[in-house]
Amino acid sequence: AAGGAEAAGVALTQALATNGSTLQFRLLDARFQQVGGDSSSKELVYEYFVETCRGKKIEGSKGELFCLGGKNDEVTLQTVQRHAVATAIVRGGYLYTCIGSAAEERWGEAAPALRAAVTSFRFND
């Protein structure tokens with residue numbers, strides 16, 4: 001159910017994607033996978049990229065976004081780009097998530113360890 005996983009991923013990341021400091025957000029992957037031997041127990045594994053502004057987000061006349069700061073918003077600030085992988089599972093009516101993220105420029109080296117850590121997140125039923 002790829003459409004279902006993508007819809008779930010979008011729902012879980014909606015607050016992040018629409019945050020006032022978010023310049024860019026992309027859901028890169030979302031899929032359900034079986035947990036243990038129970039075919040009815042599934043977790044959502046999803047991956048995303050987010051670029052945020054630590055100052056004031058301003059939209060230019062052509063729709064482009066800028067990150068400004070300083071006393072009168074006269075300084076263009078660098079943005080923060082992060083890449084994340086996460087898992088989400090529902091147990092007992094509660095949603096549990098485990099998220100691993102790294103700066104985009106370090107994602108290549110950090111991704112294997114973060115993916116392993118996130119996908120190892122389990123409950124002992």
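Mentor: Gladly. Let's start with E3 and strand E4 (residues 65–69), which run antiparallel and are joined by four bridges. This is a predicted model, where local features need pLDDT of at least 70, side-chain atom pairs count only at pLDDT 80 or more, and totals for chains, interfaces and linings use all residues. Residues are numbered from 1 along each chain as its sequence is written, and side-chain values use heavy atoms, leaving out hydrogens and water.

Trainee: What makes E3 and E4 a pair?

Mentor: Two strands (DSSP runs of E, at least two residues, numbered from the N terminus) pair if DSSP finds at least two bridges between them. E3 and E4 have four bridges, so they pair. In one of them, Lys-56 is partnered by Leu-68 of E4.

Trainee: What makes up the largest nonpolar core?

Mentor: Nine residues: Ala-5, Ala-30, Leu-44, Tyr-46, Tyr-48, Val-50, Ala-84, Ala-86 and Ala-88. A nonpolar core is a set of buried Ala, Val, Leu, Ile, Met, Phe, Trp, Tyr and Cys residues joined through side-chain atoms within 4.5 Å; buried means under 20% relative accessible area, exposed over 50%, partly exposed in between (1.4 Å probe, protein chains only). The largest share, four residues, comes from E2.

Trainee: Which residues of H2 are buried?

Mentor: Trp-107, Ala-110, Ala-111, Leu-114 and Val-118 are, so each has under 20% relative accessible area.
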